[in-house]
Amino acid sequence: MVDIEVLKTQFLDTEFDRTEFQIKTADLVTVANASGETRPQFTDPDHADFQAAPAFLGSLSSGRHLPIDFPSMGGIPMDGGKAVTCLLPVRPEVPMTGKSHIHEIYDKQGRSGRMIFIVVRHEVFDQDDVHLASIDSRLVIREKSV
C-alpha cells in the first residue's frame, strides 16, 4: 500500500519539468472553431483582445506527466479530467514557458477499493515570467486489490 504522506513530503510543489513553446494563431482559431467557441476574442485574430480559449489551454502539457523518480503505483491509472484557470490572456506568437509540479496528492476509499488522486499543475508564464494560466491534470489510480 502506497503511503500518501511520504509521497507528499517527497514530491509536492517541486518543479519536475519545464517546456518552452509558442502558440500559433492558426492553431488557436482551429481549436476554438472545433470546440464550438463563437466569441470573437477566441475566433477572430483581428479582434483587439484575441487570445487562447480555455479549451486550447487545456491541451497544453509538459513532456513529462510525473517526476522521473516518482514510484510506480501499480494499479489502474485513469484520466481524472482537467481544470483551467485563466489569470491573464494567453496571446499567440509569444514565447512562453510551462512549468510543471505535483500540486496535490490524496486518496479516497471507494466501493472498488482505494483510489489515489494526483493533481499535476502546469503553469504558463510569458517571457517576462508573468503567470498567465494554470492547467490542473488529475490522474486517478485505482489500487490493485491484494
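Against which helices do the buried residues of α2 pack? In this predicted model, local features need pLDDT of at least 70 and side-chain atom pairs count only at pLDDT 80 or more, while totals for chains, interfaces and linings use all residues. Residues are numbered from 1 along each chain as its sequence is written, and side-chain values use heavy atoms, with hydrogens and water left out.

The buried residues of α2 pack against α3 (40-43) and α4 (54-57), where contact means heavy atoms within 4.5 Å. Helices (H or I, at least four residues) and strands (E, at least two) are DSSP runs, numbered from the N terminus. Helix α2 spans residues 25-34, and L28, V29 and A32 are buried in this helix. These residues lie on the same side of α2, because they cover an arc of only 95° around the axis; the arc is that of the directions from the helix axis to the C-beta atoms. A26, T30 and A34, on the other side of α2, are exposed. Buried means under 20% relative accessible area, exposed over 50%, and partly exposed in between (1.4 Å probe, protein chains only). After α2 comes G36, with a positive phi near 85°.

R121 belongs to strand β4 and counts as buried because its relative accessibility is 18%. The side chain of R121 is joined to that of D136 by a polar contact of 2.6 Å, and to that of H103 by one of 3.4 Å. A polar contact is a pair of N or O atoms within 3.5 Å; within protein, one must be able to donate a hydrogen and the other to accept it, and residues adjacent in sequence count only if both atoms are side-chain atoms. Leaving aside residues up to four places away in sequence, R121 touches K99, S100, H101, H103, S134, I135 and D136.

E93 is placed in the loop between β2 (76-86) and β3 (96-110), and it counts as partly exposed because its relative accessibility is 42%. D129 lies in the loop between β4 and β5 and is also partly exposed, with a relative accessible area of 48%.

The loop between β4 (113-126) and β5 (131-142) also holds V130. This residue counts as partly exposed, at 33% relative accessibility.
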